[in-house]
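This report covers a two-chain model, beginning with the contacts between the chains and then turning to each chain by itself. The sequence and structure come first.

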Amino acid sequence: MKKSLMILALSFGMVSSGACSDNRMHSHGVYMLVDTSGTYAHEMGKAAKIVNYLLATLNPGDSLAVAKVESRSFTEKDIVAKVTFDKRPSQATSQKRVFKDKIHTFAKEIKGSAYTDITGGLIQGAEYLNETKSGIKTIVIFSDMQEELGKGTIRDFPISLDGFRVVALNVTKLGTDNADPRLYLDRLARWEARVRKAGATEWVVVNDLEHNLESILTTR
Amino acid sequence: MTNWNSWLFWPDHVALSVLVLALIAMVFLYAARKPMHGIIHSTCTLMSHSLRFVSRWLFLAADQMGLRNQSVLLAHGQESEAVTIEREFERVGNILRKDMQEFPALQRKMLEEATRMEDEYRKCGVVPPPPPEWVTALESVAQIKSGGDIPRKLLEDISKSIQKIHDKTIAEFRRSYEGRHKILHAMQPSWRTVEKLMGEMDKKMVTLQTNAKQIDVHIGKFEGIRAKENKTEHALTMSSFVHLAISSLVMVIALGGAFINYKLIALPMSEMVGASDYLMSNLKTSDVAALVIILMEASMGLFLLESLRITQLFPRIASMDDRMRRRLMIASLAFLTILAAIESSLALMRDMLVADKASLMRDLASIAPAPSDGLLTRIPMIGQMIMGFVLPFALAFVAIPFESMIHSMRTVVGVCLVQGMRGLGVTLRFLGLLFKRLAKVFEMAYDITIVVPLMVERWVLTMRTGPSVEMEEPAFSKQRRAA
């Protein structure tokens with residue numbers, strides 16, 4: 001009798017310890033960078049739709065942050081809204097409503113920036129997601145991936161994106177790309193090489209926002 | 001290629017090298033013939049004996065297991081038949097106690113009816129008509145010797161009187177018969193009552209007779225079990241198979257119910273224990289919590305049925321004194337009701353969560369909310385709540401097929417195991433036989449590779465000893481064929 005009780009207690013302990021260590025491993029952390037430079041400021045409607053998709057798809061316990069890409073993006077001030085959803089579904093639903101309202105307000109009051117610091121945004125996103133201790137970490141970049149750095153902004157150093165998924169969304173072709181498509185392809189290849197060198201597990205490009213949105217969160 | 005070449009004496013003359021190699025190999029194989037035959041023979045004999053030994057052990061074990069299965073099956077069958085007979089006797093006892101109590105009253109009633117009928121019958125006895133007075137008068141007139149008007153007048157008067165009397169008598173007779181008919185008519189309800197009572201008695205007697213026949217059948221089975229008849233054992237085994245099939249079917253249906261139950265409470269449980277908590281890699285805590293609640297409901301149902309003595313999985317509960325058993329019954333019923341109420345409220349919460357999520361989705365998709373009809377939208381919610389309350393009680397009855405499944409599974413698994421062991425025993429025996437014969441086959445196959453030295457050996461022997469060896473060879477071949 002004592003032996004069986006001990007086994008029961010031991011198995012319960014093992015299960016409990018497993019539960020504690022395993023909880024965050026299933027949560028999903030998403031950091032979305034929204035390019036606000038130049039003509040991209042007009043694409044905010046699409047960005048809002050993607051945020052809505054993320055809100056509809058993410059589960060209780062997951063984290064979501066939306067930040068704008070500006071001339072220098074390595075700062076918390078660029079984070080428009082961030083949340084870690086409550087474990088209770090009802091509370092998570094309320095938080096999603098509040099988040100949606102914040103993004104709606106941001107989309108209305110957006111101002112274009114002179115430069116585009118994608119690398120700074122990536123570093124900031126990686127920091128934020130590492131803090132959330134999410135199991136699956138995804139950085140979504142809503143941009144044409146054309147980085148333009150202002151004077152004095154230094155970003156040519158190796159960055160760390162160990163275990164991250166990087167998703168480039170709505171990578172529009174520039175006027176010069178149309179003249180020479182190699183520029184567009186080279187740009188994407190350069191970014192892929194850079195994030196993979198930084199330790200990213202996956203690099204995904206999604207241009208078809210109508211039918212391919214599920215690729216944002218689905219791990220291949 | 002390099003390896004091959006290293007084996008060749010003259011790499012430029014492959015055929016010659018191979019021939020020389022074959023000859024050398026043949027000589028070695030011929031020299032090793034006896035030990036090789038010995039190895040083949042010993043290995044095959046060892047294998048054959050081992051397989052036969054294991055086969056024999058399997059047969060013995062199967063027989064022992066069969067005997068054990070038989071004793072368990074018969075004991076279980078005996079117990080079950082004893083319970084059935086006891087219940088049949090109880091039923092007969094109840095019929096006798098209930099109906100025989102009514103018999104004196106019934107008898108009194110029938111006697112009263114019979115007395116009444118007898119009285120009535122007596123009343124309607126035939127009353128002979130009074131003797132006609134005119135016969136005496138006719139005799140008086142006949143004694144008058146002289147004729148004349150007087151006798152004629154007298155006869156005429158008599159005739160008139162007789163006519164009057166006749167009419168009166170006939171009228172009275174008819175009146176009397178009418179009265180008797182009325183009495184007989186009044187007796188009809190009494191007859192009907194008696195007939196009805198007789199019918200009731202007959203029905204009760206038929207029921208009693210049916211019960212008696214059933215008891216006879218069960219006693220017959222019981223005797224068969226006691227006598228360990230093969231027919232009874234076979235019937236019990238088949239009955240176990242049927243019970244297992246039926247109880248498995250019911251269990252599958254119950255599992256379907258449990259699955260619906262689980263779906264009903266898994267989502268709201270995430271509101272209580274958290275939706276993002278995982279117990280293991282893919283096992284959500286909320287799912288486990290929902291499962292635990294369902295299992296608790298099933299356990300409470302099991303205890304309830306145990307305390308009601310419907311099932312007998314726990315002998316300790318069955319042997320409890322009545323007061324304790326009643327307490328256990330009340331406790332398990334109370335727990336079951338509480339769990340059902342919890343589940344009903346969880347079903348309500350599920351509906352609210354689903355509605356809230358649907359509303360959020362509409363907001364995110366910027367779709368106008370659908371116009372809601374109050375009653376129509378409430379029907380699923382009410383349905384879910386009712387299901388949440390009823391399903392735990394329905395799940396409680398799983399204990400009955402569960403018990404049947406456990407009991408019948410013991411027999412079915414035992415029978416399958418015995419058959420499996422016997423099948424394996426036969427296969428091993430066949431393999432043992434095969435190995436025994438294979439020894440000869442391998443030896444002969446070995447001899448084929450050294451056929452040239454053997455022919456030389458035979459030739460040398462013939463040269464040395466004459467035709468006697470030649471005579472031995474056919475006998476040897478015959479022996480081989482026989483083997």
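## Polar contacts and salt bridges

In this predicted model, 8 residue pairs are in polar contact across the interface of chain A and chain B, both residues of each pair having pLDDT 80 or more. A polar contact is a pair of N or O atoms within 3.5 Å; within protein, one must be able to donate a hydrogen and the other to accept it, and residues adjacent in sequence count only if both atoms are side-chain atoms. The score pLDDT is the predictor's confidence in each residue, from 0 to 100.

Between chain A and chain B there are 3 salt bridges (a side-chain nitrogen of Lys or Arg within 4 Å of a carboxyl oxygen of Asp or Glu). Lys87(A) forms a salt bridge with Asp277(B), with 3.1 Å between the closest N and O atoms.

## The chain A side of the interface

Helix 1 (2-22), helix 2 (44-57) and helix 3 (89-108) of chain A each supply at least two residues of the side that touches chain B. Helices here are DSSP runs (H or I, at least four residues), numbered from the N terminus. Helix 3 of chain A gives the largest share of that side, 6 residues. By class, the side of chain A that touches chain B has 6 nonpolar, 7 polar and 6 charged residues. Ala, Val, Leu, Ile, Met, Phe, Trp, Tyr, Cys and Pro count as nonpolar, Asp, Glu, Lys and Arg as charged, and the others, Gly among them, as polar.

In total, 19 residues of chain A are in contact with 18 residues of chain B (heavy atoms within 4.5 Å). The two chains bury about 1800 Å² between them, 56% of it on carbon and sulfur atoms; buried area is the accessible area (1.4 Å probe) that two parts lose on being put together, summed over both. In chain A, His26(A), Lys87(A) and Arg97(A) lose the most area to chain B, together 28% of what that side buries.

## Confidence

Chain A has a mean pLDDT of 84, with 88% of its residues at 70 or more. Residues 1-12 of chain A stay under 50 and have 0 contacts beyond four places in sequence. For chain B the average is 83, and 90% of the residues score at least 70. Within chain B, helix 13 (residues 468-482) has the lowest confidence, a mean of 52, and helix 11 (residues 399-449) the highest, 92.

## Conventions

Residues are numbered from 1 along each chain as its sequence is written, and chains are lettered from A and ligands numbered from 1 in the order in which they are written. Local features need pLDDT of at least 70 and side-chain atom pairs count only at pLDDT 80 or more, while totals for chains, interfaces and linings use all residues; side-chain values use heavy atoms, leaving out hydrogens and water.
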